[in-house]
Each structure stands twice: as C-alpha cells, then as structure tokens.
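Dear colleague,

Please read them with the structure open beside you.

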Amino acid sequence: MKKINILWIILDLIFLVIFNAIFFMAGGTDHSTSVWISYGFIHFAYLMLVLTPFLIRKGKSAHVFGYSLYSISSIYFLIQFVTGIVFIFISPESITAAFLIQLCLAGLYGVILVSNMIANEHTANAEEVRQNQIAFVKDASAKIKILLENINDKEAKKQVERVYDAVYSSPIKSHHNLTEIESRILHSINALENEISTGNNTNIITLATSLLNEVNERNVKLKALN
C-alpha cells in the first residue's frame, strides 16, 4: 500500500478514534436505544463523507464533480453530527423522534447526492462525446499532415493537401448518424497511407479525390442535421 494511502487512512480514523473515546469514556456503554441510533447515524454520515471520493465520476470535470459531492456529504455530516449529539445528550426513551428525524436527514441526503451523481454522469458523458468529436477531426487531420511529408509527386501532394484542408476546416461537432461515414473516412485515410508507402501516385490521386468527396459529404450531412 502506498504511503499516501496510509496517511489518508490515518487521517480518516482520527475523528472516529476521538469521537468514540469521548463517547465511551464520558458516557460508558449503558445508553438508551435512541442514543445508539444517533451514534449509528453519525457513523453512517462520516462513512459517506469518507467514501465520497469513490463516488466521483472520472473525467475532465472530475474536480467540479468532486467539489459538489464533497459539499453535499460535508453539509450532511455536519447537520447529522449536530442532530445526533443533541439526541445523545437528551437521550429520549422513545426512539420515534430520534429515528425518524435522522432517517429523513439521511433520505434527503441520499436524494440530493444521487441526483447530483446522475447530473454528473450526464455531464461526463456529454464531455466524452465532445472529446470524441474533437478527436475525429484532430486525429484525421494530423494523420493526413504526416502523410503529406512522404509524397514527392506534386499533383498527388496537391490533391492530398486539398483533403487536409477540408478535414482541418471541418466542423468539430458531430452526430451519431455520421458514425458510418466517419469510419469510412478513417478507413480511406489508412488506405491512402498504404498507397503513399508504395509510391503509386495514380492511386494516391484517386484515393485522395474519393476521400475529399467523403469529407465533403460528411460536412454536408452534418449541416443538414443541425
């Protein structure tokens, strides 16, 4: 186990050690059921605070997701801690108030937490789609630019340059209906790479012309979909 993980575990245990030491040394073990209920809810709230990092969706905005979830868990823990301490000091014989109030707090926390997690999932999924869309134009244009360096024939190079300009200037935004044609474009780029490696200029020009048509078709379809 890494040293940093051990340090985080130690940090997380500090509250539990201090709280339990005070709870048992000051009050012993003979408590009413309502006190034990409050004791359990306080530990539950703290456990959720500790587990919050594992609930954060990974992605470009992970720090934003983490901040919102940490804020929710921290506020819940503070409210639950204060509420639990009040019931521990009052120590009512009836468990009704202690249980229902703290159960409602936990339920409200759960609803807010899960709602934010769902929202974070939607945001993260949208970001992934956005990154994939950017990757298509970026990767395709970068690959064609590299291919240009290996073409000696002027006419063939001029035609491939047209393809590069068309891809580079293509809209980054995409659409799921364009998946097939974008796959064809990437396949055509690979085929063009193979022809360039053999130095067959006639095939290079033919493939580049076909590829240019595919790129233009993709952009026309994208414009019609938006």
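One aromatic cluster is formed by Phe15, Phe19, Phe23, Phe24, Trp36, Tyr39, Tyr46, Phe77 and Phe81; please bear in mind throughout that this is a predicted model. Across the whole structure, the search finds 19 aromatic pairs. In one of them, the ring centres of tryptophan 36 and tyrosine 39 are 5.4 Å apart and their planes stand at 80 degrees, so this pair is edge-to-face. Both residues belong to helix α2 (residues 33-51), where they are 3 residues apart, about one turn of the helix. Tryptophan 36 counts as partly exposed, because its relative accessibility is 32%, whereas tyrosine 39, at 16%, counts as buried.

Phenylalanine 44 and tyrosine 76 also form an edge-to-face pair, with 6.3 Å from centre to centre and 75 degrees between the planes. This pair links distant parts of the chain, since phenylalanine 44 is in helix α2 and tyrosine 76 is in helix α3 (residues 62-90), 32 residues apart. Here phenylalanine 44 is partly exposed at 33% relative accessibility, while tyrosine 76 is buried at 5%.

Apart from neighbours within four places in sequence, glutamate 182 is in contact with Phe136, Ser174 and Arg218. Its C-alpha atom is separated by 27 Å from that of aspartate 153, which is 29 residues away along the chain.

The search of the whole structure also finds 6 salt bridges. One of these joins lysine 143 to glutamate 193, with 3.7 Å between the closest N and O atoms; lysine 143 is in helix α4 (residues 96-148) and glutamate 193 in helix α6, so that distant parts of the chain, 50 residues apart, are linked. Lysine 143 is partly exposed at 30%, as is glutamate 193 at 34% relative accessible area.

Glutamate 217 takes part in a salt bridge with arginine 184 (3.7 Å, N to O); because glutamate 217 lies in helix α7 (residues 201-225) and arginine 184 in helix α6, the pair ties together parts that are 33 residues apart in sequence. Glutamate 217 also meets lysine 221 in a salt bridge, at 3.0 Å from N to O, and these two residues both lie in helix α7, 4 residues apart. Through shared partners, salt bridges join Glu180, Arg184, Glu214, Glu217 and Lys221 into one network.

Key:
Residues are numbered from 1 along each chain as its sequence is written. This is a predicted model: local features need pLDDT of at least 70, side-chain atom pairs count only at pLDDT 80 or more; totals for chains, interfaces and linings use all residues. Side-chain values use heavy atoms; hydrogens and water are left out. Rings of Phe, Tyr and Trp (its six-membered ring) pair if their centres lie within 6.5 Å; planes under 30 degrees apart count as stacked, over 60 as edge-to-face and the rest as tilted. Buried means under 20% relative accessible area, exposed over 50%, partly exposed in between (1.4 Å probe, protein chains only). Contact means heavy atoms within 4.5 Å. A salt bridge is a side-chain nitrogen of Lys or Arg within 4 Å of a carboxyl oxygen of Asp or Glu.
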